[in-house]
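Hi,

Here is the structure we talked about. Please open it alongside this note; what I found follows below.

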Amino acid sequence: MRKLKIALAVLSLTLMGACSVQSKNNSAQINGEWQVVELYGQPIPECLNTPSLTLNDSTSLFGGATGANQMTGHYQIKNDSITFLEGGVTLMMADSVSMEVENNYLQAIGQTRTFAVDGENLIMKDPEGNIIITLKKR
């Protein structure tokens, strides 16, 4: 539980400190529901709530499952940059696999700086350009 609280605090600070301007073209490109298929190059193990991400380009709100809980917040886009802002996560406990998936996913969301769409996949990258989250369109 302590790790989750620390991860949430780091995520909140990281997300609140970033700024960008919304671009409708790229925002519309990633609008909708996505299922996480890989984190840091590893497939998602079976967990309580398969991680997902829903992006709403008309409201700039995001939501989804984290592995054990649900998350919500705001995001902003400028060109191929994405910033997740003002996020919140429910605080339910789950099995160790689900909690590990959740911790990794929240960390990856906090590290995400750019995105690219490749067919039915949404690729999220860290500041160095490394792929950290791969999602598939639902």
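This is a predicted model: local features need pLDDT of at least 70, side-chain atom pairs count only at pLDDT 80 or more; totals for chains, interfaces and linings use all residues.

Glu33 is partly exposed, at 42% relative accessible area.

The structure holds one salt bridge. In it, the side chain of Glu33 meets that of Arg138, at 3.8 Å from N to O. Glu33 sits in strand β1 (residues 32-39), while Arg138 is in the segment after β9 (131-137), so the pair ties together parts 105 residues apart in sequence. Arg138 counts as exposed, with 53% relative accessibility.

**Helix α3**

Helix α3 covers residues 96-111, which is 16 residues. From first C-alpha to last, α3 reaches 23 Å, close to the 22 Å expected at 1.5 Å a residue. At the start of α3, a side-chain oxygen of Asp95 comes to within 3.2 Å of the backbone nitrogen of Val97. Which residues of α3 are buried? They are Ser98, Met99, Val101, Glu102, Tyr105, Leu106, Ala108, Ile109 and Gly110.

**Two loop residues to look at**

Most residues other than glycine have a negative phi. Tyr40 is not a glycine, yet has a positive phi of about 50°. Tyr40 lies in the loop between β1 and β2 (42-43). With 31% relative accessibility, Tyr40 is partly exposed.

Asn79 is not a glycine either, and its phi is positive at about 55°. Its place is the loop between β5 (70-78) and β6 (81-89). Asn79 is partly exposed too, at 49% relative accessibility.

Best wishes

Notes. Residues are numbered from 1 along each chain as its sequence is written. Side-chain values use heavy atoms; hydrogens and water are left out. Helices (H or I, at least four residues) and strands (E, at least two) are DSSP runs, numbered from the N terminus. The expected span of a helix is 1.5 Å times one less than its number of residues. Buried means under 20% relative accessible area, exposed over 50%, partly exposed in between (1.4 Å probe, protein chains only). A polar contact is a pair of N or O atoms within 3.5 Å; within protein, one must be able to donate a hydrogen and the other to accept it, and residues adjacent in sequence count only if both atoms are side-chain atoms. A salt bridge is a side-chain nitrogen of Lys or Arg within 4 Å of a carboxyl oxygen of Asp or Glu.
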